[in-house]
Amino acid sequence: MEAANADSVRLAVLGPVRAWRGAQELDLGSPQQRVVLTALLLRLGRPVTVGELIDAVWGDDPPHAAVSVLRTYVSRLRKVLEPDRGSAGSAPLIVSAADGYLADLPEEALDLTVFAQRIAEAKRLRADGQLSAAAELLHAALDGWEGTPLAGLPGPLAEAERSRLTEVRLNALESRLDLDLRLGRHHDVVPELVALAADHPLRERPTRLLMLALYRSGRQAEALAVYRRARNTLVAELGVEPGGALRGLQDRILAADPSLDLAPAAKAEPQAVAAAPAEPLSRPAQLPADLASFTGRVPELAQLRALLPGEGELPATVVINAIAGMAGVGKTALAVHWAHEIAHRFPDGQLYINLRGFDPTGATVPPEEAVRLFLDALGVPSQRIPSGLDAQAGMYRSLLADRRVLILLDNALDTAQVRPLLPGSPGCMAIVTSRNWLTGLVANDGAHPLTLKPLDAVEAHGFLARRLGEARLVAEPGATEEIIERCARLPLALAIVAARAAAHPDFPLSAVAEELCDSHDSLDAFAGGDLSTDVRAIFSWSHRALSAPAARLFRLLGLHFGPHVSAPAAAALAGLTVREARVLLGELTHAHLLLEYLPGRYSLHDLLRVYAAERVMEDESETERNLAVDRLLFWYVHTAAATYPFLTPNRRQVPLEPLPEGCAPLRFGTYDQALEWCDGERPNLVAAVQHAVAVGRPGVAWRLTAVLWGFFYLRSHVHDWLASARTGLAGARASGDELGQAWALGDVSAALTVVHRDQEAIGHLKESMVLHRRLKDIAGRAHALGNLGNLYLQTGQLKKSIEYTRRGLVVDRHIGSAWGEGISLVNLGDAYQRLGLFDEAMAHLEEAMTVLRALGNRWVEGVTLDTLGTVHQRLGRHDDAIKHYYQAIEAHRDVGNRWGEGHTLGHLGDVHRESGEPEAARTSWRQALALFEESDHPDAEQMRQRLRDLDGPPQDGPARG
């Protein structure tokens with residue numbers, strides 16, 4: 001954006017909506033208020049009516065007082081943007097105009113208009129043959145983007161404009177890359193084009209540019225491999241061959257066509273313009289909160305600050321490495337504090353993970369899991385994350401290339417765990433904490449080691465003074481020195497003792513020091529060369545100071561296998577009510593034995609987890625330990641099962657084992673509550689599946705995976721789904737549980753189907769069907785038959801689909817399974833309509849509607865209504881098609897099936913276009929696109945293409961996925 005004087009107002013929409021007066025950023029208020037401003041800015045200089053503004057903020061469901069609320073928003077915006085409104089010489093920025101308002105400010109004050117001007121000028125320069133100047137303008141235009149346009153804004157206007165602006169940016173980026181290629185910068189643009197083509201596999205222009213860049217870089221074989229991958233994707237996803245331009249480029253590369261080489265003028269062109277950074281998929285901000293009481297570490301902070309390069313220079317990797325792996329020395333506190341200090345220098349965000357390298361349960365985070373978590377934080381949909389650590393790390397490094405991201409890798413085990421998580425190019429900084437020497441990073445990766453020792457005496461005194469007050473320490477200097485010495489100046493130990501002393505301000509510090517002296521055994525797991533000081537004395541003293549119920553709960557938490565624990569899970573572990581558990585968890589938190597990092601969610605520091613695990617082995621019998629683990633595992637299974645009716649209504653129920661005594665699973669009242677619980681507990685649920693097999697409870701493993709079927713599907717957690725299903729299957733096989741094998745085979749097949757490994761999925765389903773037959777489980781056999789029919793339907797094997805679906809339908813009717821009967825009838829109707837047998841299709845679909853409505857199965861009813869709409873559309877009955885599509889959308893929304901809603905909106909747009917209603921088609925397709933973009937669904941590109949082609953001839957019929 002152009003520079004402005006100190007009093008001018010600047011505004012930005014190419015990222016979060018923001019405003020500045022001079023150098024001061026202005027508070028634009030609530031998201032809805034920002035939508036009002038955005039609507040005015042997008043139509044700069046032209047009036048926007050009150051009705052249009054209400055639609056922009058609330059869509060079709062405005063509040064009763066919408067006009068009054070809207071005027072309040074405008075009034076507040078004027079106060080922020082025009083504090084001198086009405087005074088001499090001040091020009092209003094928001095002007096009342098007829099039945100609405102308009103934004104009146106210079107074009108150079110808005111980043112969007114500056115971007116548009118640069119794009120237009122670049123087109124003119126390119127037309128005049130001034131390619132280098134055009135490329136520089138495009139680089140400058142794209143540099144003005146700060147991320148996703150209108151980020152965080154709600155409402156239909158923001159959704160539609162976000163899609164449009166994203167497409168505008170993508171077109172500009174492709175034009176810039178094309179110019180860079182014409183200017184001979186093919187070596188420079190290859191990494192960016194690799195990422196762009198991977199992000200948009202159905203978009204042919206990035207693939208063409210990548211093939212040409214590789215060919216000109218002497219990488220002909222790689223260019224042809226790119227074409228093969230693109231063709232396979234287009235055929236698999238859309239059933240179409242690549243366009244003529246892409247096929248022609250392949251032929252010319254095969255023939256080594258001289259016309260593909262650079263012209264001499266381009267070869268001489270200086271390569272001075274750097275590649276513009278690819279737009280981040282999202283801007284993570286994962287740093288834990290900085291400690292308000294952080295103190296000391298002055299020399300270490302000075303050493304760290306010295307590692308930072310000057311302004312404009314790119315940083316390398318930094319490692320904070322604690323000598324001999326001393327725990328509790330404050331590595332994380334220092335790393336987090338410094339990360340917050342320098343976060344502003346990394347505008348593309350911050351990533352954080354606790355690698356749990358020294359977790360007492362052995363649950364170290366493997367590199368592939370850490371990379372997947374980072375890819376998820378960067379906005380990569382789970383279905384697009386490749387399998388295999390090398391491929392995942394490659395995608396991760398590509399996303400970080402040319403970006404400025406701060407990465408904090410906490411509590412690493414060794415170099416092998418860290419290396420895949422390091423960025424591959426300058427610009428990002430990695431801070432790594434570990435209890436081990438990471439000499440491999442220093443020797444091979446240019447890391448700078450920092451040995452963090454315990455606090456010195458002055459720092460330790462300051463540490464206690466910040467928590468207890470200087471006056472209390474001065475009153476008892478001898479006791480203060482004794483506490484510092486007994487805590488070995490270890491920050492974690494000092495924090496626990498300070499918490500105890502602060503909770504009892506009437507206790508003399510001499511009494512606290514005496515208690516420390518009296519508690520003098522050792523923490524065996526960290527004795528000898530690993531710890532220079534005895535920490536168990538501090539933990540055991542704190543443990544003894546607890547009430548008996550809180551101490552028991554603390555010990556039992558050492559049995560928990562997940563990264564964190566909720567209050568209801570802790571209650572199940574200890575056999576308590578949730579209310580009782582919350583009281584005890586509060587006691588543990590106040591004693592600094594537990595961290596409440598989110599309301600109702602807790603985690604144990606590594607050393608405290610070790611201590612809890614030791615204490616539970618010493619103080620609780622094997623019987624009590626086994627009962628506690630059983631209560632927790634069964635609590636997870638039965639609570640997850642309580643989400644099942646909301647996420648997968650009317651689906652066949654999973655046979656559960658009875659609950660142990662003292663275990664009360666949660667109950668849910670709404671779909672959103674059920675989904676939110678699954679989201680929050682996902683790491684624990686996946687860990688529970690693994691732990692159940694490890695402790696000889698394979699029945700828990702396969703049942704837990706089975707009841708999470710709907711959650712894994714809706715959230716597309718494919719890696720977790722497949723890993724959990726396979727673990728449950730392995731456990732069932734090892735224990736000879738044929739019922740478990742039959743269910744787990746179905747779940748493995750479902751996960752394989754999502755990742756398009758169709759032949760493996762079919763094999764698992766057939767094996768499942770054999771087991772169900774052997775078990776005389778007729779319902780299970782019918783379920784497998786129906787799934788096989790559905791799988792054949794989705795892969796286009798319509799005759800096989802009809803064969804297996806009919807067999808399943810016969811069994812479903814025999815056993816009275818209305819759920820299975822309804823699904824089978826829908827799939828038969830869909831297969832027949834794809835074959836053009838519309839009478840048969842209509843008969844089966846109408847029969848399905850009767851069954852589904854009697855059952856109350858709105859999920860599948862929505863799918864059926866959509867298919868009925870397609871039949872009517874293909875028969876030319878557009879009014880009937882539209883009616884059924886609207887009914888399908890209503891059903892999808894009732895059950896939260898957003899993918900189904902998106903597909904039906906796409907079909908609705910098709911029929912509107914065929915009916916000669918292009919604007920209605922545009923509205924439907926934009927709504928569908930917004931839904932698909934939430935999870936980067938592959939059909940998003942189809943919606944974009946339909947919007948681009950809106951002015952072309954109508955399609956022959958609806959596209960069916």
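This is a predicted model: local features need pLDDT of at least 70, side-chain atom pairs count only at pLDDT 80 or more; totals for chains, interfaces and linings use all residues.
Two strands pair if DSSP finds at least two bridges between them.

Stop 1: Select strand E4 (48-49), strand E5 (94-96) and strand E6 (residues 100-103). These three strands form an open sheet with antiparallel pairing, in the order E4-E6-E5. E4 and E5 are the edge strands, each pairing on one side only. Now look at E5 and E6, which are joined by three bridges. Show the side chains of serine 96 and tyrosine 101: the serine stands opposite the tyrosine, which belongs to E6.

**Stop 2: the second largest pocket.** Select Pro156, Leu157, Ala160, Thr923 and Gln927, which lie nearest the centre of this pocket among its 35 lining residues. The volume is about 1200 Å³. Several helices each supply at least two lining residues, including helix H1 (31-42), helix H6 (156-182) and helix H42 (918-934). Which helix gives the most to the lining? H42 does, with nine residues. Colour the lining by class to find 15 nonpolar, five polar and 15 charged residues.

**Stop 3: helix H35.** Select residues 778-794. At 1.5 Å a residue, the 17 residues of H35 should span 24 Å, and the end C-alpha atoms are 24 Å apart, so the two values agree. Buried residues in H35 include Gly780, His783, Leu788 and Tyr792.

Key. Residues are numbered from 1 along each chain as its sequence is written. Side-chain values use heavy atoms; hydrogens and water are left out. On a 1 Å grid over the protein atoms alone, a cavity is a set of points where a 1.4 Å probe fits but cannot get out, and a pocket is an open set with protein on both sides within 12 Å along at least five of seven lines; lining residues have an atom within 4 Å of a point. Grid points are joined across faces, edges and corners, and a volume is the space filled by probe spheres set on the points. Helices (H or I, at least four residues) and strands (E, at least two) are DSSP runs, numbered from the N terminus. Ala, Val, Leu, Ile, Met, Phe, Trp, Tyr, Cys and Pro count as nonpolar, Asp, Glu, Lys and Arg as charged, and the others, Gly among them, as polar. The expected span of a helix is 1.5 Å times one less than its number of residues. Buried means under 20% relative accessible area, exposed over 50%, partly exposed in between (1.4 Å probe, protein chains only).
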